[in-house]
Amino acid sequence: MTGSKCTFLCLAAFVAGFVSGRMSMRERHSYTVEKWTDTVVIRQPEVMVVRSLEPRKARLAVVAETADTADTDSALVSVPIEQHEYHGEGYRAWVSGYALALDSIAIERSITVVQPTRGRQRWSVGLQAGVGLTPHGVEPYIGVGISFRLY
């Protein structure tokens, strides 16, 4: 094989490899996905809004204790109902009832972070062995050279 044919074949192989490597890089997407849960605990939050709601009627037991026996009876009682609203950064809570208080609230947030990963470097310097084109023709080659990763 003559030198010009060999040069043309080497150049054509390099161009074909370069183009196919570039096309394959476009299709590959690599991502790092991190997931964790963040918990925020708020102890004794401050009441922001208090609303009086419709009172509810409830039958409650009335115990009358005498020296000899305990008599049980019941009475219909109107119980005042309130709604307390608590809110702050990232939370809102409503509590309804009689003589109520929110002791604490825990909020769990699921956080997902998706980041593209950085690909490996395409160019590198390293030890090479192969066949090289010299002024004397095609000969074996061992040395230090620059490499280009196609994919």
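These are my notebook entries on what I looked up in this predicted model.

**Entry 1: ground rules**

I number residues from 1 along each chain as its sequence is written, and for side-chain values I use heavy atoms, with hydrogens and water left out. The model is predicted, and local features need pLDDT of at least 70, side-chain atom pairs count only at pLDDT 80 or more, and totals for chains, interfaces and linings use all residues.

**Entry 2: the whole chain**

I began with the elements, and I found 1 helix and 7 strands in the protein, where helices (H or I, at least four residues) and strands (E, at least two) are DSSP runs, numbered from the N terminus. Read from the N terminus, their order is α-β-β-β-β-β-β-β. I then looked up the surface, which comes to about 12500 Å², with 56% of it belonging to carbon and sulfur atoms; accessible areas come from the Shrake-Rupley method with a 1.4 Å probe, and for residues only the protein chains shown count as cover.

How much of the protein counts as buried? The value is 16% of the 151 residues, where buried means under 20% relative accessible area, exposed over 50%, and partly exposed in between (1.4 Å probe, protein chains only). I also noted that, among contacts with a separation of 6 or more, 54% come from residues 24 or more positions apart, a contact meaning heavy atoms within 4.5 Å.

**Entry 3: the salt bridges**

I found 2 salt bridges in the structure, each being a side-chain nitrogen of Lys or Arg within 4 Å of a carboxyl oxygen of Asp or Glu. One of them joins the side chains of Arg51 and Glu85 at 3.0 Å, N to O. Because Arg51 lies in strand S2 and Glu85 in strand S3, this pair ties together parts that are 34 residues apart in sequence.

Is Glu85 buried or exposed? Glu85 is buried, with a relative accessible area of 5%, whereas Arg51 is partly exposed at 33% and Arg92 is partly exposed at 47%.

Gln83 lies in strand S3, residues 70-88, and counts as buried because its relative accessible area is 18%. Leaving aside neighbours within four places in sequence, Gln83 is in contact with Val49, Val50, Arg51, Leu53, Trp94, Val95 and Ser96.

Arg59 lies in strand S2, residues 49-65, and is exposed, with 58% relative accessibility. Not counting residues up to four places away in sequence, Arg59 touches Ser74, Ala75 and Leu76. The C-alpha atoms of Arg59 and Leu76 are separated by 4.5 Å, although these residues are 17 residues apart along the chain.

**Entry 4: the nonpolar core**

Which residues make up the largest nonpolar core? I listed 7 residues in all, namely Ile42, Tyr86, Tyr91, Ala93, Leu102, Ile105 and Ile107, a core being a set of buried Ala, Val, Leu, Ile, Met, Phe, Trp, Tyr and Cys residues joined through side-chain atoms within 4.5 Å. Strand S4 (91-97) and strand S5 (104-116) each supply at least two residues of this core. Apart from neighbours within four places in sequence, the contacts of Ile107 include Ile42 and Tyr91.

**Entry 5: a loop residue**

Between S4 and S5 I looked at Ala99, which sits in the loop. Its phi is near 50°, a positive value in a residue other than glycine, and Ala99 is exposed, with a relative accessible area of 68%.

S6 and S7 run antiparallel and are joined by 12 bridges, where two strands pair if DSSP finds at least two bridges between them. A hairpin connects S6 to S7 through 2 residues, and Thr134 has Gly137, in S7, as its bridge partner.

A nonpolar surface patch of about 790 Å² is made by Trp123, Val125, Leu127, Ile142, Val144 and Ile146. Patches are made of residues with over 30% relative accessible area and no salt bridge, like charges being joined within 9 Å and nonpolar side chains (Val, Leu, Ile, Met, Phe, Trp, Tyr) within 5 Å. S6 (123-134) and S7 (137-148) each supply at least two residues of the patch. Ile146 lies in S7 and is exposed, with a relative accessible area of 64%.
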